[in-house]
Amino acid sequence: MNVLIPLIVGLGLGYLLQKVHLTSNIGRKALEVVISLSVLLLIFLMGVNFAETGINVGNATLVSVVLAVLTSLGSLILAIILWRWER
C-alpha cells in the first residue's frame, strides 16, 4: 500500500477547504480528531511498508536516532548563529 496516497488526498482536501474558517470550538475539535486519525493511519501504513521490505529494525532505529540527533544539533547551531548575527 502506498503511503503517499493519504498524503496527497490530505493536501488536496486542505487546498479545497482552505477558505473554510473553523472559528468555533466544535470545528477545531473536529479538525484535531481528523488530524490525529490521519497521523495514526499514516504511521500504521508506514509500519506496514517497513515490515514488507524486511529491513533490520535495530539498524534502522540506530540510523534514525543518529539522523534525528544530527538534525536537531544542526538546527540548534543554525539558530545560535542567526541569533548572534541578528544582535
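Of the 87 residues of the protein chain, 5% count as buried, where buried means under 20% relative accessible area, exposed over 50%, and partly exposed in between (1.4 Å probe, protein chains only). The chain exposes about 7800 Å², and carbon and sulfur atoms supply 74% of that area; accessible areas come from the Shrake-Rupley method with a 1.4 Å probe, and for residues only the protein chains shown count as cover.

This is a predicted model, in which local features need pLDDT of at least 70, side-chain atom pairs count only at pLDDT 80 or more, and totals for chains, interfaces and linings use all residues. Residues are numbered from 1 along each chain as its sequence is written, and side-chain values use heavy atoms, with hydrogens and water left out.

The fold has three helices and zero strands, running α-α-α from the N terminus on. Helices (H or I, at least four residues) and strands (E, at least two) are DSSP runs, numbered from the N terminus. The average pLDDT (the predictor's confidence in each residue, from 0 to 100) is 79, and 78% of the residues score at least 70.

| Helix | Mean pLDDT |
|---|---|
| H2, lowest | 75 |
| H3 (residues 57-86), highest | 91 |

Helix H2 (residues 25-53) holds Met-46 and also Leu-42. Which of them is buried? Leu-42 is, with a relative accessible area of 18%, whereas Met-46 is partly exposed at 47%. Leu-42 and Leu-7 are 35 residues apart in sequence and 8.2 Å apart in space, C-alpha to C-alpha.
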